[in-house]
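Reader: I'm new to looking at protein models. Could you walk me through this one, step by step?

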Amino acid sequence: MTTLRLTGVQLRYVNKAFWRNPASAFFTFAFPLMFLVIFTALLGHYTVQLGSRTVNTSTYYVASMACFSVITACFNNIAAAVTFQREDGILKRAHGTPLPSASFLGARILHAILVAVLLVAITAAFGRLVYSADIPTGLSLLRFVVALLVGAAAFCALGLAATAVIPNADAAAPIINAIILPIEFLSGIFIPFGSNTPAWILWVAKIFPVRHFVLSMEAGFLGTAFNWTDVLVVAVWGIAGMLLAIRFFTWEPRQG
Amino acid sequence: MSDELAVRVRGLVKSYGSVQAVRGIDLDIRHGEIFALLGPNGAGKTSTVEILEGYRRRDGGEVAVLGCDPGRDRAKMLPHVGIVLQKTGVDRYLTVIETVRLYASYYPRPRSPDEVVELAGLTEKRDSRVTKLSGGQTRRLDMAVALAGDPDLLFLDEPTTGFDPSARRDAWEVVKNLASLGKTVLLTTHYMDEAQYLADRVAVIAAGQIVAEGTPATLGDRNLAGARIRYRLPAGVAPPDTVPGEQDADGFMVITSADVVQDLHQLTGWAIDNRITLDGLEVTRPSLEDIYLALTSEPETAS
């Protein structure tokens, strides 16, 4: 009960601090839309072949950027924010109060998920207005929401796990980008896969959670086949991330 | 629960790899007392305090903090203690009062956040972002945050290291205020004057062991007995047999004296009788700083 109440209190402050940090708010909210505009401006007049369906690249990018924004809000932001807080000694200080660890980290994760949902809503609305993208409805919406929440939670867990390999605050951004950007490229987020995509890229995409997450989200936006296996793979990655975080997460700064 | 002692430590030991950081420490800290653990960097102060705070596990010995074993019942202990770490941060995007309110919300019986801000001398900065505070003010915010839960026991790990004199004074006033509230304070410092000004009792720690313990006054007294007479002889003159001394590196004669009046009389009598000038004659007593330095540089002889 106390844990729940304190998670609520903590969530309010995480939210307050988030909106007062212009850099994090800007990158989190402006990047996906900016990329969406740039990519569709560059490549919007092409089409992408998804199985038997042909969709406009602009529509494709609405789904892609929605996924990208979820990954940024959850994986990138959690890994960076928690590393900064660890190196600043904020984690250690919080760990010396009666605040349960679950409340501290839970609030951060809940906040990232809420931001992710908001970002997807904004991207979808923007895509609908500007690029006439499809918006999931009915059963498709329900599956879409499940895929979104599972994905957001999984990328949060992976973000927490990533803090273990980030030695200090300066290294946060480069390491996070070095982990996630190649996987995003290899999962077709920025450049759609085509019939001539090399087999090894398809294999890499199958291993990591990003492609599966994209596929489960695309089903809602593009009407492609929805596969629960994709959600399951993302969930398994999330659980693995959580277990790694539990094992390797530290509350104390790495650098004196 | 041990009612008479806020902190009781017996035979505390802690090693990091092959380095013994804490080598058998005993401490008794009474309720309402300001207790200073004084020692140079690397003496084992922070290791000791972080074991008491439950951040580190001890290798051996007994520890009771407000009747709890911080290694086992940390969750039971934490609502009743406030911790000011040596290096620590607060969320950059909150104001002073928001920060104190946030931390107050973690505790079952918090003190009023406005009152805490006032105690820390930050009323004027109440609504400022924490990034707008000076170093000294930030440190007082650390104290405010530690006070938010109205703790019985406060840990202050080097509260003023690296501060200018006026910022140190301000921080000291805050600590004095706490004492008037009846809080028990365990303070670590490497400043002798800080321990002397703030503490009811002081333990000097060196190389992981307590080498002296007492009130700031008695800690001095015991060691102040020996005064030092220092002077320079003209070239070729031998010192008097009655008050033999030793020559130091600067060519001065140094007499360590238990009876200064008697020895000084002997020396000056001898000089007048023989028409010898005693250049730079001076009598000094070791300062607390000297005692502290002597204690902490030779831990083996004192233990």
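This is a predicted model: local features need pLDDT of at least 70, side-chain atom pairs count only at pLDDT 80 or more; totals for chains, interfaces and linings use all residues.

Reader: How do strands of a sheet pair?

Author: They do so through backbone hydrogen bonds, and the pairing is either parallel or antiparallel. In chain B, look for an open sheet of 6 strands with mixed pairing, in the order E5-E6-E7-E3-E8-E9.

Reader: Which strands stand at the edges?

Author: In chain B those are E5 (81-84) and E9 (209-214). Each has a single partner strand, so one side of each is left without a neighbour in the sheet. From one strand to the next, the twist averages 15°.

Reader: In what sense do E5(B) and E6 of chain B pair?

Author: Parallel, over 4 bridges, with E6 spanning residues 153-157 of chain B. To find one spot, go to Ile83(B), whose bridge partner in E6(B) is Phe155(B).

Reader: And which helices pack on the sheet?

Author: Among them is H5 (residues 135-147) of chain B, which touches E5 and E6 and runs at about 160° to the direction of E5(B). Another is H6 (residues 165-180) of chain B, touching E3 (34-38), E6 and E7 (184-189), with its direction at about 155° to that of E7(B).

Reader: How many residues of chain B are in contact with chain A?

Author: 18, and they meet 16 residues of chain A. Chain B's side of that contact has 12 nonpolar, 3 polar and 3 charged residues.

Conventions:
Residues are numbered from 1 along each chain as its sequence is written. Chains are lettered from A and ligands numbered from 1 in the order in which they are written. Two residues are in contact if their C-beta atoms, placed from the backbone, lie within 7 Å. Ala, Val, Leu, Ile, Met, Phe, Trp, Tyr, Cys and Pro count as nonpolar, Asp, Glu, Lys and Arg as charged, and the others, Gly among them, as polar. Two strands pair if DSSP finds at least two bridges between them. Helices (H or I, at least four residues) and strands (E, at least two) are DSSP runs, numbered from the N terminus. Axes are lines fitted to C-alpha atoms, for helices over the stretch in contact, and angles run from 0 to 180 degrees between N-to-C directions.
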